[in-house]
Amino acid sequence: SSGINAEYGHPISGGRRIMDLFSGDPLPQNKWIGMKFIVYNLDTNRVKLELYIDRTSGGELDKIADKNNWRKVGEKIDNGTTFVVNTSGGVDGKSAITEGGGVVFLRNTNIAKAEYKFLQVTEIQTPVQKLFAPDDY
C-alpha cells in the first residue's frame, strides 16, 4: 500500500490513506516511475497536498520534462483533520503543518531496495498562487 503520513514528532506519526497512487494496483516493480509530491500553504491553517505520477518516461531525462507524461493521481486539503494523531510534548496533532522544519524524509517501509534518480527538493516561495500553477505539471 502506498500512502502519505504526517509526522508531528518522531517517532509518532499519523497515517491515513488519502490518495490511491496506482489505481489500487501495487507499486510497480523493476520499473522507473516519476513522482512529484507538492505541498503548499493555502493560508495559515490549511495546506494543499498534490501528487503526480509519471509512468511513461522510464526515468529518461529527456522525457521527464514533458508535462504530458505527468498525471495528477490525488489531491487533498489538510485543515488539521486529515492526519489526526496522538502526540506528546505539547505538540498539537490536530493542526495542519504549515511551517517547514527544513527537513524532508523519504520513507521506504517493507522495501528491500529503493533507488532514486533525479531527486530534487524545492522550496516554493510565497505567495504560492503567483509563483506556482499546478496545471503546469
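I count two residues as in contact when they have heavy atoms within 4.5 Å of each other. I keep in mind throughout that the model is predicted.

Entry on Lys-48. With residues up to four places away in sequence not counted, I listed its contacts as Ile-38, Val-39, Tyr-40, Leu-42, Glu-75, Lys-76 and Ile-77.

Entry on Lys-72. I then turned to strand 5, residues 70-78, where Lys-72 is found. Its relative accessible area is 40%, so I noted Lys-72 as partly exposed. Leaving aside neighbours within four places in sequence, I found Lys-72 in contact with Glu-50, Leu-51 and Tyr-52. For Tyr-52 I also looked up the C-alpha to C-alpha distance to Lys-72, which is 4.3 Å, although the two are 20 residues apart in sequence. With which side chain does the side chain of Lys-72 make a polar contact? I found that of Glu-75, at 2.5 Å.

Entry on the rings. I searched for aromatic pairs and recorded 0 of them in the structure. I did find charges over rings: Lys-36 lies over the face of Trp-70, at 4.4 Å from the ring centre, and the charged end of Lys-117 sits over the ring of Trp-32, 4.9 Å from its centre.

Terms used. Residues numbered from 1 in each chain as written. Predicted model: local features only at pLDDT ≥ 70, side-chain atom pairs only at ≥ 80, totals over all residues. Heavy atoms only, no water. Helix = DSSP H or I, 4+ residues; strand = E, 2+ residues; numbered from the N terminus. Buried < 20%, exposed > 50% of the residue type's maximum accessible area, 1.4 Å probe, protein only. Polar contact = N/O pair within 3.5 Å; in protein donor to acceptor, adjacent residues only side chain to side chain. Phe/Tyr/Trp six-rings, centres within 6.5 Å; stacked < 30°, edge-to-face > 60°. Lys NZ or Arg CZ within 6 Å of the ring centre and 35° of its normal.
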